[in-house]
Each structure stands twice: as C-alpha cells, then as structure tokens.
Amino acid sequence: MEISSVAVAGLRRHGPAYCFAILMAVSVQACTQRMWYEGAKQSHRNECNKAPPSEREQCLRTMDNDSYDEYQRKRQEEIKKDN
C-alpha cells in the first residue's frame with residue numbers, strides 16, 4: 001500500500017491530532033457497544049417486570065446475567081470456533 005505525499009505531509013503536520021481522533025473513534029465504538037448490551041439487558045428486565053407475577057420469575061431466569069466483558073469473551077470464543 002502506497003501512501004500519498006499529501007497524506008504524509010498531513011500526518012507530519014497533524015499527526016497527534018489524527019492519532020487522538022482515531023483513538024477517540026475506537027473508544028466511542030467500544031463504549032457504544034457496551035451501552036447497547038446493557039440497554040438490551042435493561043429492556044428485557046423491564047419487560048419481565050411488566051409480566052404477571054406468576055410469569056415474572058421465569059422471564060427473569062431466561063435473562064442473560066453475564067457482564068459485558070464475559071459476553072465479549074464468550075462471543076470471541078464462538079467466533080474462533082467458526083473460523
């Protein structure tokens with residue numbers, strides 16, 4: 001892969017700013033994924049709490065209680081199995 005002279009000049013002049021922007025973009029994506037996961041769990045919990053008492057406990061038992069980090073670890077294991 002060849003980098004253009006304009007890109008090299010831009011990196012020399014704005015390198016730290018570009019690196020910071022890339023780092024922030026990656027951080028925001030990871031944060032967003034964690035927030036989505038936690039939001040989905042909360043939504044499931046809210047739906048369970050709307051159920052009649054006789055169904056509420058069963059609904060809550062079906063909920064995945066893994067932390068986001070545990071979810072990611074299991075997800076990576078499944079991806080490795082598929083490859």
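Me: Relative accessible area under 20% is buried, over 50% is exposed and in between is partly exposed, using a 1.4 Å probe and protein chains only. Is Y68 buried or exposed?

Reply: Y68 is buried, because its relative accessible area is 7%. This is a predicted model, where local features need pLDDT of at least 70, side-chain atom pairs count only at pLDDT 80 or more, and totals for chains, interfaces and linings use all residues. Residues are numbered from 1 along each chain as its sequence is written, and side-chain values use heavy atoms, with hydrogens and water left out.

Me: Fine. How many aromatic pairs are there?

Reply: The structure holds three aromatic pairs. Rings of Phe, Tyr and Trp (its six-membered ring) pair if their centres lie within 6.5 Å; planes under 30 degrees apart are stacked, over 60 edge-to-face, and the rest tilted.

Me: What are the ring distance and plane angle for Y68 and Y71?

Reply: The ring centres of Y68 and Y71 are 5.9 Å apart and the planes are at 45°, so this pair is tilted. Y68 and Y71 are three residues apart in helix α3, about one helical turn. Helices (H or I, at least four residues) and strands (E, at least two) are DSSP runs, numbered from the N terminus.

Me: Which residues form the aromatic cluster?

Reply: Y37, Y68 and Y71 form one cluster.

Me: Switching to R34. Which helix is R34 in?

Reply: R34 lies in helix α1, which covers residues 5–50. At 36% relative accessibility, R34 is partly exposed.

Me: What does R34 touch?

Reply: Not counting residues up to four places away in sequence, R34 touches Y68 and D69. Contact here is heavy atoms within 4.5 Å. R34 and Y68 are 34 residues apart in sequence, while their C-alpha atoms are 6.3 Å apart in space.

Me: Which residue does R34 form a salt bridge with?

Reply: The partner of R34 is D69, with the closest N and O atoms 2.9 Å apart. The pair links distant parts of the chain: R34 is in helix α1 and D69 is in helix α3 (residues 68–82), 35 residues apart. A salt bridge is a side-chain nitrogen of Lys or Arg within 4 Å of a carboxyl oxygen of Asp or Glu.

Me: How many salt bridges does the structure hold?

Reply: The structure holds six salt bridges.

Me: What about K50, which residue does it bridge to?

Reply: K50 forms a salt bridge with E47, the closest N and O atoms being 3.2 Å apart. Both K50 and E47 lie in helix α1, three residues apart, about one turn of the helix. K50 is exposed, because its relative accessible area is 62%. E47 counts as partly exposed at 45%.

Me: Now E78. Which residue is its salt-bridge partner?

Reply: E78 bridges to K81, with 3.3 Å between the closest N and O atoms. E78 and K81 are both in helix α3, three residues apart, about one turn of the helix. E78 is partly exposed at 41% relative accessible area, whereas K81 is exposed at 62%.

Me: Which residues are linked in a salt-bridge network?

Reply: E70, R73 and E77 are linked in a network of salt bridges.

Me: Disulfides next. How many does the count come to?

Reply: One disulfide, taking a disulfide as a pair of cysteine sulfur atoms within 2.5 Å. C48 and C59 form it, with their sulfur atoms 2.0 Å apart. The pair links distant parts of the chain: C48 is in helix α1 and C59 in helix α2 (residues 53–61), 11 residues apart.

Me: Left-handed or right-handed, that C48 and C59 bond?

Reply: The torsion about the S-S bond of C48 and C59 is about -70°, so the disulfide is left-handed.

Me: Is C48 buried or exposed?

Reply: C48 is buried, at 0% relative accessibility. C59 is partly exposed, at 21%.

Me: Last one, D66. Where is it?

Reply: D66 is in the loop between α2 and α3. D66 counts as buried, because its relative accessibility is 18%.

Me: What is D66 in contact with?

Reply: Leaving aside neighbours within four places in sequence, D66 is in contact with Y37, K41, Y71 and K74. The side chains of D66 and K74 make a polar contact at 2.7 Å. A polar contact is a pair of N or O atoms within 3.5 Å; within protein, one must be able to donate a hydrogen and the other to accept it, and residues adjacent in sequence count only if both atoms are side-chain atoms.
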